[in-house]
Amino acid sequence: MLIGVHPNDAGGIDLAVRRAAAAGASALQIFSAKPQFYNEKIAVRPERVLRFRQAMAESGLALSGCLVHAAYVLNTASPEPEKAERAALGLAKELERTEALGAFACCFHPGSAGAGDPAAAVERVGDAVARAVAAVPGQARVLIENTAGAGRTMGRTPEEIAGMLRRVPAALRPRAGYGLDTCHLFASGLDFTSSPAAARSLIDRFCDVIGEAPAFLHCNDSEGAFGSNRDRHALIGAGQIGMEPFRWLLADERVRAIPCILETPHARETVADDDPTADPNDTAMVARLRELAG
Ligand SMILES: [Zn+2]
Ligand SMILES: [Zn+2]
């Protein structure tokens, strides 16, 4: 099974790769640029790609298990045309960097409809995905991540995600998809924690409504309560979800086939640029997920 972490990238993404491997991970998530910015004009430098790929090869990690997380500021759902346009350009550039690195996909948060019409926001997000895959030739995919449902954020339900993906033309549709974050599912009030059957039927529901299985799982426990819409990740077993629901999800063959990536809190706030050792929490969480996966 591909079990990954999102390591600190102080010193470069090649250092992030080494920290993931040191944690015992077989997959990883990285930022392709600083996630606080739009980066709509930032390309990834060839020497950076080389260092990254070399670190992947030396660590025995496959590019098929590397996911890029897009910048948080990309609000492709925004009813403000300038913001939405800049976010769409930023998303295309994320995909361009993802393709250059060789990672299998980039995931992004659809953003908030604000005071605008939610149906129009669903279309804007889908159009941004369609534009990104049309603009960047290659294999890498753009994956919509479900959200915790705070305010007017879009992408909480399978129906909303399906509506976004319907905007992508059939010829490009294989390069678009979605992934699920367990903390966001729980915070948004979608039940997978009451029983093994509930876990199975929630994945069924996403597969049925969207017409395909998720392409990644973010494994995070939740500080916030069920339905609280709070996006606060906790260590697996230390939040309101608890251990057992992760065991149920990780038993599902659709989950076993995709990268399961931890975005749980780190023990170290800062790491020296040349320190390739793993965050102790990451090491512990990878071991815990492997145990739960059986
Ligand atoms: Zn995310
Ligand atoms: Zn989150």
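I started with β5 and strand β6 (residues 176–181): they run parallel, joined by four bridges. For me, two strands pair if DSSP finds at least two bridges between them. Helices (H or I, at least four residues) and strands (E, at least two) are DSSP runs, numbered from the N terminus. I noted Leu143 standing opposite Gly177 in β6. Between β5 and β6 the chain goes through helix α5 (residues 158–165), and this β-α-β crossover is right-handed (with the strands pointing away from the viewer, the path from the first strand over the helix to the second runs clockwise).

A note on what I'm looking at: this is a predicted model, where local features need pLDDT of at least 70, side-chain atom pairs count only at pLDDT 80 or more, and totals for chains, interfaces and linings use all residues. Residues are numbered from 1 along each chain as its sequence is written, while chains are lettered from A and ligands numbered from 1 in the order in which they are written.

Phe108 has Ile144 as its bridge partner in β5. Helix α4 (residues 118–135) carries the chain from β4 to β5, again as a right-handed β-α-β crossover.

Is β5 (residues 141–145) enclosed or open? Five of its five residues are buried, so the strand is largely enclosed by the rest of the structure (buried: 20 or more other C-beta atoms, placed from the backbone, within 10 Å of a residue's own). Arg141, Leu143 and Glu145 point one way, Val142 and Ile144 the other.

Finally I looked at the whole barrel: eight strands close it in the order β1-β2-β3-β4-β5-β6-β7-β10, with parallel pairing.

Technical notes:
A residue is buried if 20 or more other C-beta atoms lie within 10 Å of its own, exposed if 12 or fewer, and partly exposed in between; C-beta atoms are placed from the backbone.
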